Protein chains: 4
Amino acid sequence: MSTKKKIGILGASGYTGAELVRLLLRHPKVDLVLLTADRRAGQAMGDVFPQFAPYELPTLVSIDSVDWTTIGLDLVFCALPHATTQKVLQEVLAKAPETKVVDLSADFRLEDAAAYAKWYGHEHHALELQKEAVYGLVEIYRRDIKKARLIANPGCYTSCAILPLVPLLKARAIETDEIVIDAKSGMTGAGRSAKEEMLFSEVSEGFNAYGVGHHRHMAELDQEFSKAAGKEVVVSFTPHLLPQNRGIFSTIYVRGRRGKTAQDLHEVLVKQYEKEPFVHILPFGKTPHSRHVRGSNMTFIGVAADRIPGRAIIVSTLDNLTKGASGQAVQNMNLVLGFAETLGIDQPAMFP
Amino acid sequence: MSTKKKIGILGASGYTGAELVRLLLRHPKVDLVLLTADRRAGQAMGDVFPQFAPYELPTLVSIDSVDWTTIGLDLVFCALPHATTQKVLQEVLAKAPETKVVDLSADFRLEDAAAYAKWYGHEHHALELQKEAVYGLVEIYRRDIKKARLIANPGCYTSCAILPLVPLLKARAIETDEIVIDAKSGMTGAGRSAKEEMLFSEVSEGFNAYGVGHHRHMAELDQEFSKAAGKEVVVSFTPHLLPQNRGIFSTIYVRGRRGKTAQDLHEVLVKQYEKEPFVHILPFGKTPHSRHVRGSNMTFIGVAADRIPGRAIIVSTLDNLTKGASGQAVQNMNLVLGFAETLGIDQPAMFP
Amino acid sequence: MSTKKKIGILGASGYTGAELVRLLLRHPKVDLVLLTADRRAGQAMGDVFPQFAPYELPTLVSIDSVDWTTIGLDLVFCALPHATTQKVLQEVLAKAPETKVVDLSADFRLEDAAAYAKWYGHEHHALELQKEAVYGLVEIYRRDIKKARLIANPGCYTSCAILPLVPLLKARAIETDEIVIDAKSGMTGAGRSAKEEMLFSEVSEGFNAYGVGHHRHMAELDQEFSKAAGKEVVVSFTPHLLPQNRGIFSTIYVRGRRGKTAQDLHEVLVKQYEKEPFVHILPFGKTPHSRHVRGSNMTFIGVAADRIPGRAIIVSTLDNLTKGASGQAVQNMNLVLGFAETLGIDQPAMFP
Amino acid sequence: MSTKKKIGILGASGYTGAELVRLLLRHPKVDLVLLTADRRAGQAMGDVFPQFAPYELPTLVSIDSVDWTTIGLDLVFCALPHATTQKVLQEVLAKAPETKVVDLSADFRLEDAAAYAKWYGHEHHALELQKEAVYGLVEIYRRDIKKARLIANPGCYTSCAILPLVPLLKARAIETDEIVIDAKSGMTGAGRSAKEEMLFSEVSEGFNAYGVGHHRHMAELDQEFSKAAGKEVVVSFTPHLLPQNRGIFSTIYVRGRRGKTAQDLHEVLVKQYEKEPFVHILPFGKTPHSRHVRGSNMTFIGVAADRIPGRAIIVSTLDNLTKGASGQAVQNMNLVLGFAETLGIDQPAMFP
């Protein structure tokens with residue numbers, strides 16, 4: 001009898017679902033026993049993602065067909081659309097209260113119900129659950145995550161900006177009213193739904209901004225930055241789409257506070273992250289490439305001086321599907337199930 | 001006997017050279033009579049750029065082999081590396097003083113010899129010529145260009161930032177100490193020399209910044225912005241490389257001055273450019289894609305409100321080889337040779 | 001009063017529609033007076049393809065809203081889906097019998113009604129029109145096209161294979177039972193409809209075959225090859241999708257007949273095409289790149305000896321949207337309206 | 001004291017070197033103790049491939065600085081250019097005869113010295129070693145490899161063609177004089193040396209053939225196919241370059257022998273490979289995508305009927321850096337060092 005933990009993935013037919021399967025298929029301490037995908041129910045995972053055809057995996061089923069009281073999952077990853085997620089997780093946790101949940105949607109990331117309603121256009125349907133949810137960025141909330149039942153895995157843009165900025169805000173090292181985050185994402189960040197603007201011929205050999213002035217990830221940034229700074233922080237944030245599959249890349253413009261130089265900021269980050277397995281701070285003045293974190297759970301961060309005295313440029317990059325979503329989710333799983341934090345997600349990046 | 005103007009291209013084996021040939025081959029009023037390329041001398045242009053094999057073009061020759069006193073060029077485009085350019089053009093204009101020159105290098109863009117020496121690491125070798133050079137951004141210096149003999153075609157990053165910002169600075173509509181320009185360029189901007197970091201496998205499926213804090217194009221930006229604002233302006237400018245061939249894309253963060261809103265800034269640009277054939281201002285709140293200017297001489301500019309009160313986000317894009325280099329150069333040629341300004345460069349963009 | 005010819009495009013919101021507009025906007029002898037797009041009716045062309053926003057173009061309308069008896073078009077391009085096309089063109093030609101038609105669909109390419117029914121799964125609805133249709137590959141059927149009213153523009157895969165093979169079949173220079181055509185297409189060949197398998201993230205950084213053994217373009221190949229050879233010819237043909245926007249590339253494996261060598265085959269093609277403006281035969285042993293015909297109306301063809309005695313490898317490439325669709329269509333228009341054949345489509349390729 | 005095997009990589013600064021490091025860093029039974037790279041000697045591996053900066057790895061050294069008699073390597077991977085390889089391995093094995101070698105160059109793949117001289121243009125310098133070398137395609141030569149000291153890792157194109165064709169040739173299931181292999185490779189197959197034709201802007205958004213009629217990999221194909229068929233086999237083989245980083249894709253056209261149908265061929269392959277961990281035969285009529293083997297050690301093979309009776313189309317794909325080079329090399333290492341064959345190379349493909 002296997003002593004491995006039993007794991008389920010809700011919404012396995014999207015890209016974050018596939019990335020979870022990629023990582024978990026070789027994780028030594030878990031068994032994938034449930035994969036759901038409503039529109040693809042009855043199909044093999046290898047029909048939806050042919051790279052998995054050679055592997056033994058459970059057939060895709062619809063969520064409604066699952067009996068939560070008997071399936072006995074140790075942990076479930078939820079990669080469903082927002083709003084749907086709230087209802088599904090309410091049911092799962094009502095019927096199987098011992099199950100741990102790592103939710104990859106945005107549904108439990110915002111502590112403030114009003115903020116949720118403002119950014120998502122409808123009331124939150126599971127406020128009780130929201131209260132127990134822990135924001136799942138391990139490097140910031142490791143202690144809370146270990147004890148949590150419901151973990152709200154952060155957004156990819158957000159993680160990429162929070163990792164460099166939160167320590168600087170906590171250290172009161174930068175001004176809070178002049179932060180500009182110019183963010184770029186690979187196309188997998190936009191998901192797998194068939195939309196004209198996501199066709200190869202619409203995307204390839206071109207670049208554009210979107211959601212200028214009003215992207216939903218701002219709500220998460222506001223929450224985490226304000227908490228770190230101890231006062232309200234509102235940043236300038238512009239997302240863009242890159243003609244590549246994977247990678248989030250943020251160029252962040254800040255001004256040091258009270259004479260803090262770029263080098264001082266660099267030092268704060270080096271100290272903060274020197275023991276972290278998944279955050280790598282480059283030597284001062286160097287900035288990273290998104291390609292060098294591809295497929296890995298690493299975040300690479302660089303700090304350089306701007307030529308304007310007192311200002312610094314911070315560059316942060318991670319793989320939106322790995323550290324920005326599924327790798328982060330497995331890191332959370334490792335914590336709540338008591339495994340070594342790096343288990344199954346310590347593969348180096350794939351470059352070229 | 002042809003009454004067309006006789007045109008030469010110095011440095012025809014690079015990408016801007018090829019783009020000039022592409023545009024000029026179908027320009028109704030010019031004949032290409034000289035193409036130089038020192039390392040490729042003796043070869044056909046179709047050997048160096050096979051797309052031109054079906055066309056009749058002069059064989060590539062070395063610059064040294066040209067007799068400037070007899071060749072009788074009406075205008076020469078110079079697409080040589082910086083520094084080399086100064087020496088070559090001194091000789092050309094000494095021997096053929098009637099010839100007009102459009103120089104695509106950086107050599108004659110900086111009015112201030114000290115600025116040149118600082119950014120390029122050596123003294124300027126042709127200061128006399130520098131004095132007569134006109135900065136060749138038609139929308140800003142049209143009147144001067146018409147009378148010029150030597151035109152310094154601007155850099156691609158620079159044009160993309162100057163076109164939206166100079167009118168705003170002239171109108172005193174934005175603060176000058178908080179301008180952030182996050183710029184992205186397609187790979188053709190890096191030229192055709194064989195370097196490891198420019199290989200397909202090093203570039204594809206990835207993104208990075210470079211020259212953080214100290215890129216040479218800053219010198220041009222300083223010069224033109226300070227002139228427009230009537231005081232010294234130093235901006236934050238970070239260039240990045242996109243995994244695509246063509247396109248410059250600048251996301252510009254500004255704060256309105258004395259209560260000027262994003263909509264006010266939009267209005268300034270609409271008025272400034274309403275009659276310009278090669279600058280298109282999108283409706284307020286919309287931002288452009290680089291793909292929609294591909295291969296054309298257009299600049300597309302959008303203005304949107306930031307969610308931080310008083311701040312605006314300006315997005316500007318052009319094709320680095322066309323409006324950012326060779327198309328701009330032909331536009332300059334049209335002015336100095338007395339042709340209609342749009343002749344030969346009025347093709348719509350090629351998308352997809 | 002304009003003496004330009006009045007032109008309409010049915011189905012202007014797809015890629016071939018956009019390519020027609022790109023080419024016709026600068027054609028000196030035509031005016032675009034009608035653009036239809038049923039789902040986008042009421043929108044500006046610049047809403048559907050933002051690159052056209054700076055140009056004056058008619059607003060998109062639905063086909064049903066057009067009064068064919070009064071609109072007075074000289075020529076209409078039809079870029080509608082197959083089957084729909086038959087019905088629409090019946091109505092257009094019934095009400096405006098003087099109008100010339102260049103049809104970019106597959107609907108009138110097959111002379112044999114049974115072949116049409118077999119490959120397209122339903123009866124042909126306009127057999128009378130089919131009888132008068134001329135197959136619109138200018139280099140093969142120039143004389144007939146000049147006199148035609150209804151021209152069936154050939155498919156992109158087909159043109160790329162017919163141009164090299166038909167002269168060899170006519171010359172009885174190759175065996176007919178050993179022809180293998182390995183064909184590759186850029187993604188624009190698959191059109192603009194939103195399908196999962198055409199998303200950037202599904203296509204980028206990968207390659208695949210499709211329709212193996214049963215692609216519809218085979219019907220056109222059979223027809224034209226059999227006609228040329230004077231006997232039934234059935235070739236092996238496999239289409240593939242390239243992670244790039246534009247370009248058809250065919251690698252063709254043949255065996256010379258009665259001792260004909262690869263060099264003999266090369267000579268046949270050189271002679272056949274030496275005066276053609278849009279077919280370029282490379283020197284023997286050289287093969288072309290798809291990138292060197294990008295955006296142009298050129299076909300580049302190379303012939304090399306295989307190392308197996310008696311066999312040759314022929315490589316043919318064109319831009320699927322230009323010579324493979326809209327450029328070819330304009331070439332046809334030029335013939336039927338009595339213009340110079342190269343008018344408006346003589347731009348060199350855009351590389352890089 | 002570590003009981004792990006001590007491993008070296010000669011030529012670690014190229015792409016196959018980086019891929020070896022990627023795979024071996026997480027292999028549980030080996031330690032990387034030597035990395036050589038002559039031009040980069042003295043640098044950290046993380047300087048040459050920044051993705052490895054967070055990992056502990058030996059500093060790059062020059063080959064000449066290695067003392068083979070004392071270093072005590074269990075196995076060395078050799079990823080040096082051909083010809084150089086022969087000299088280096090002669091020295092290594094002379095001084096450290098117990099060391100196992102997996103050579104990724106072409107130097108020991110050809111059993112016939114005359115064939116080597118013909119294809120590589122010079123005499124073979126290590127004929128004695130050649131005699132003991134075993135061709136390292138595990139699925140074909142597993143038994144010999146287990147006992148070998150020197151393993152000649154096969155070429156990427158070759159593996160992709162041999163895996164489907166050798167079983168069919170051995171079974172006498174296909175005609176030997178009509179085999180056409182149309183092969184396509186991602187750009188990493190061309191290596192990391194800085195050449196103009198490999199620049200991003202020269203490669204992106206385009207496709208071409210190369211080495212038409214005379215590519216060196218043909219020598220390996222001839223050798224292995226002739227051995228399998230028991231008579232001389234010469235195939236038609238054309239390599240092409242894809243605008244993507246990874247992936248070899250072969251479309252193979254064959255005729256069944258003595259009435260063998262495509263389905264018969266499929267059955268031969270299914271039987272041959274049903275227990276192989278790294279070869280996956282798709283259901284009859286389906287063909288694979290290169291993207292679905294990206295980064296994995298899998299080969300995916302499909303067989304479909306051609307519409308010409310008696311002919312079949314076989315499609316085979318693998319990742320040129322993994323199963324086509326470094327993954328295959330680790331598979332060989334696992335065999336000669338007595339590990340489980342799949343150890344360290346059982347990660348699923350990374351798609352998207």
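Visitor: Leaving aside its neighbours within four places in sequence, which residues is Leu165(A) in contact with?

Guide: Please note that this is a predicted model. Apart from neighbours within four places in sequence, Leu165(A) is in contact with Ile174(A), Ile179(A), Ile181(A), Phe225(A), Ile252(A), Val254(A) and Ile314(A).

Visitor: Is Leu165(A) buried or exposed?

Guide: Leu165(A) has a relative accessible area of 0%. Buried means under 20%, so Leu165(A) counts as buried.

Visitor: And in which helix is Leu165(A) found?

Guide: Leu165(A) belongs to helix α8 of chain A, which covers residues 156-170. The C-alpha atom of Leu165(A) is separated by 16 Å from that of Gly136(A), a residue 29 positions away along the chain.

Visitor: Let us move to chain B. Where is Thr176(B) found?

Guide: Thr176(B) sits in the loop between α8 (156-170) and β8 (180-185) of chain B.

Visitor: Why does Thr176(B) count as buried?

Guide: The relative accessibility of Thr176(B) is 14%. The limit for buried is under 20%, so Thr176(B) falls in that class.

Visitor: Which side chain does the side chain of Thr176(B) make a polar contact with?

Guide: That of Lys231(B), at 3.2 Å. With neighbours within four places in sequence set aside, the residues in contact with Thr176(B) are Leu169(B), Ala229(B), Lys231(B), Val233(B) and Val234(B).

Visitor: Now the helices. At what angle do α1 and α12 of chain B pack?

Guide: Helix α1 (residues 15-24) and helix α12 (residues 322-336) of chain B pack at about 50 degrees, and their axes are 9 Å apart. That angle makes α1(B) oblique to α12(B). The crossing of α1(B) past α12(B) is right-handed.

Visitor: Which residues make that contact?

Guide: On the α1(B) side they include Leu20(B), Leu23(B) and Leu24(B), and on the α12(B) side they include Ala325(B), Ala329(B), Val330(B) and Met333(B).

Visitor: Why do chains A and B meet through the same surface?

Guide: Because 100% of the interface residues of chain B are also interface residues in chain A.

Visitor: What rotation superposes chain B on chain C?

Guide: A rotation of 180 degrees superposes them, with 0.0 Å of shift along its axis and an RMSD of 0.0 Å.

Key: Residues numbered from 1 in each chain as written. Chains lettered and ligands numbered in written order. Predicted model: local features only at pLDDT ≥ 70, side-chain atom pairs only at ≥ 80, totals over all residues. Heavy atoms only, no water. Helix = DSSP H or I, 4+ residues; strand = E, 2+ residues; numbered from the N terminus. Buried < 20%, exposed > 50% of the residue type's maximum accessible area, 1.4 Å probe, protein only. Polar contact = N/O pair within 3.5 Å; in protein donor to acceptor, adjacent residues only side chain to side chain. Contact = heavy atoms within 4.5 Å. Axes fitted to C-alpha atoms, helices over the stretch in contact; angles between N-to-C directions. Parallel < 35°, antiparallel > 145°, perpendicular 65-115°, else oblique. Left-handed = near helix turned anticlockwise from the far one by under 90°. Least-squares fit on C-alpha atoms with pLDDT ≥ 70 in both.
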